[in-house]
Amino acid sequence: MDKKAHITVENLTMAYGSVVVQQNLDFTVNKGDIFIIMGGSGCGKSTLLKHLVGLQKPANGDIIYNVLSKNSSLEQKSSQKEINFWSATEKEQRLLMKNFGILYQSGALWSSMTLAENIALPLEAYTNLSASQIMELASLKLALVGLAGFEGYYPSEISGGMRKRAALARAMALDPDFLFFDEPSAGLDPVSARLLDDLILELKESFGSTIVVVTHELASIFAIGTNSVFLDPVTKTMIANGNPKELLESSKDERVINFLTRGEGRL
Amino acid sequence: MINNILINYKTVNDNKSLVLTISGDFLIDNLETLSFQEVIKKIESLPNLVDVSFDLVELQEWDSSILTFLNHIKLYCLSHNIAFIKDSLPKGVERVLNLAEAVPERKGVRKTEAQSSFFADIGDRAVKFTTSAKDMLDFIGEVTVAFTRLIFGRYKIRGSILMPIIRECSVGALPIVSLISCLVGLILAFVGAVQLVMFGAQIYVASLVGIAMIRVMGAVMAGVIMAGRTGAAFAAQLGTMQVNEEIDALKTLGISPVEFLVVPRVLALSIIMPMLCVYADLMGVLGGMIVGIFLLDLNFMEYYNMTRDSVSLNSFWIGVFQSFVFGVLVALAGCLRGMQCKRSASAVGEAATSAVVTAIVSIVVATAIITVLCNVLGI
């Protein structure tokens, strides 16, 4: 597969008020990548993710998405479009949001709705399918993550690992081009975390989405990552960019090596 | 059995060196028997002191409390140019003491309460007030836009979202509304009766209770109850959704939280409040009637007719209109505080509290405004 830029971040500065979190970020996420955002605690990983999904406006710089607009009604041909979220029209923003699937750290399933209703909501918001079709799709998505039969359960009635998987099903409800995961394995036991990694890999293979993952689980980083960016809280900028396995072998930066080897140094 | 801490002082070298011999059990449980001050005083009483060392051979059990003691002495020694010799300490104690010193205290990490001047404080509060007023106006604007979009059919509210909210703020509130309004009617009748009986005008208790309940008190009581019950619940629900990132999940899906969460709640409460108000009116009049019939020996028909004669339809509509306004205010206050909630469990509690306060204050202010307006308009 040829490498095509899917998300391009140019000279991004993130700040809360006057407090700069990270600055001068420049990187590209290619189509089909599993892109890892890593770094120590408090370096702004989650903040970067919030910028990537359009929840927070950059203090400076641009984030440009390369989206396939499937405008079936007017033109038969689908066209590639470059959209900058914050200068886009409302219609373009909706097109982008439709293509975002996000797995939040806590799952963030809507607690007043059943699992099926949680997955149905994105479908209702963006499609004109009938209620029965939507429910069928919701059941299918739940079955994909191993939760067949749990349609009528409320998020509070299932375990943390199941909630994560249900949230994953919701993130995939619209078969998005971009999937964003915020600490997917946080709070899971090692086996469940490993299963979730496998699930992510399988989904990528099957649907070809571009996946951005915030994590500091080394096992996950090496198991699924194909590209990454390393944020440093002291210099407030990125200090490494590339495949995590290659970074481990060839990076000359002490901080990156320390992180990737749990402070034990390269063997 | 814990042995007391004993400290012996031995000076050598013409009072230049002090050896502290500590024996007994140096544990956190008997730390209170030892006064650090006394030891420091003892050291102070030796002006020519050059070094302090320790003899802990007799020491039996120890825990980290001995470290605070040693640290205390060390700090004193440092500030008075006395050498603190730790070679004589047992290996374990020395190791832990070194551990505490391994990372020097970072400059500037200690939190200092900045003493702001009185005027700076006033300025801060003024600025905060304007920003919070602006937030409130922003929110009201957003809700207005969302309602306009609803009216023009740009989006729909599904019954499956609206109905549970209506159920939660209507049937569930009936018992407490009955109790409170009935008691308020009762109280009004009692207070009025004391005066009216003196003129032999007991029958006017019916007018008093009828007008007061139906024109103002029914709506206000229902409003206050709903502020405490439903306003707080709205704030807590939305606050919890904020904490769980559920509101972010809506936003990133392109679903406006105002349209999806706030509008149904405002709509539900503004539908339900006038109904609750009419119910509260009824219960209030019933309360007054209990006093009228059983204490003032009034006849049921007499009381009923007097109430009907004295309460105008205008009063009734004013009460119902007020309760509609209160419904909007309570729902807005609850949703506003919920949406403003920060990301912690304690913030949810604060949001609920602040929602109740905001709702009740706005109810009272709105009542005053409506009353004055009615007076001016002569209704």
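Is Lys4(A) buried or exposed? I looked, and Lys4(A) is exposed, because 12 other C-beta atoms lie within 10 Å. The cut-offs I used are these: a residue is buried with 20 or more other C-beta atoms within 10 Å of its own, exposed with 12 or fewer, and partly exposed in between, C-beta atoms being placed from the backbone.

**Ground rules**

I am reading a predicted model, in which local features need pLDDT of at least 70 and side-chain atom pairs count only at pLDDT 80 or more, while totals for chains, interfaces and linings use all residues. Residues are numbered from 1 along each chain as its sequence is written, and chains are lettered from A and ligands numbered from 1 in the order in which they are written.

**Lys4(A), continued**

I found Lys4(A) in the segment before S1 of chain A. Helices (H or I, at least four residues) and strands (E, at least two) are DSSP runs, numbered from the N terminus. Leaving out residues up to four places away in sequence, Lys4(A) touches Asn30(A), Lys31(A) and Asn66(A). Contact here has a cut-off: the C-beta atoms of two residues, placed from the backbone, lie within 7 Å. I also checked Gly225(A). It is 221 residues from Lys4(A) along the chain, and their C-alpha atoms are separated by 17 Å.

**Confidence**

I noted ipTM 0.84 and pTM 0.79 for the model. Next I took pLDDT, the predictor's confidence in each residue, from 0 to 100. Chain A averages 85, and 94% of its residues score at least 70. Chain B averages 89, with 97% of the residues at 70 or above.

By element, strand S5 (residues 79–84) of chain A is the lowest in its chain, at a mean of 77. Strand S8 (residues 210–214) of chain A is the highest there, at 91.

One stretch I marked for caution. Where pLDDT is low, the predicted coordinates should not be read in detail.

I checked phi at Asn11(A). It is positive, about 50 degrees, although the residue is not a glycine. Asn11(A) sits in strand S1 (residues 5–16) of chain A. It is exposed, because 12 other C-beta atoms lie within 10 Å.

Asn24(A) also has a positive phi, near 50 degrees, in a residue other than glycine. Its place is strand S2 (residues 19–30) of chain A. With 14 C-beta neighbours inside 10 Å, Asn24(A) counts as partly exposed.

**Leu48(A)**

I went to helix H1 (residues 45–52) of chain A, where Leu48(A) lies. Leu48(A) counts as buried because it has 25 C-beta neighbours inside 10 Å. Not counting residues up to four places away in sequence, it touches Met14(A), Gln22(A), Ile37(A) and Leu231(A). Val214(A) is 166 residues from Leu48(A) in sequence, yet the two are 9.0 Å apart, C-alpha to C-alpha.

**Helices H3(A) and H5(A)**

How do the axes of H3(A) (residues 115–126) and H5(A) (residues 160–171) cross? They come within 8 Å and cross at roughly 25 degrees. Axes are lines fitted to C-alpha atoms, for helices over the stretch in contact, and angles run from 0 to 180 degrees between N-to-C directions. The two helices are therefore roughly parallel to each other. Angles under 35 degrees count as roughly parallel, over 145 as roughly antiparallel, 65 to 115 as roughly perpendicular and the rest as oblique.

Which residues meet? Leu115(A), Asn118(A), Ile119(A) and Pro122(A) in H3(A) meet Ala166(A), Ala169(A) and Arg170(A) in H5(A). I sorted this contact into 5 nonpolar, 1 polar and 1 charged. Ala, Val, Leu, Ile, Met, Phe, Trp, Tyr, Cys and Pro count as nonpolar, Asp, Glu, Lys and Arg as charged, and the others, Gly among them, as polar.

Tyr126(A) is also in helix H3 of chain A. It counts as partly exposed, with 18 C-beta neighbours inside 10 Å. Beyond four places in sequence, Tyr126(A) is in contact with Lys98(A) and Leu174(A).

**Between the chains**

Last, I looked at the contact of the chains. It takes 10 residues from chain B and 15 residues from chain A. The chain B side divides into 3 nonpolar, 3 polar and 4 charged.
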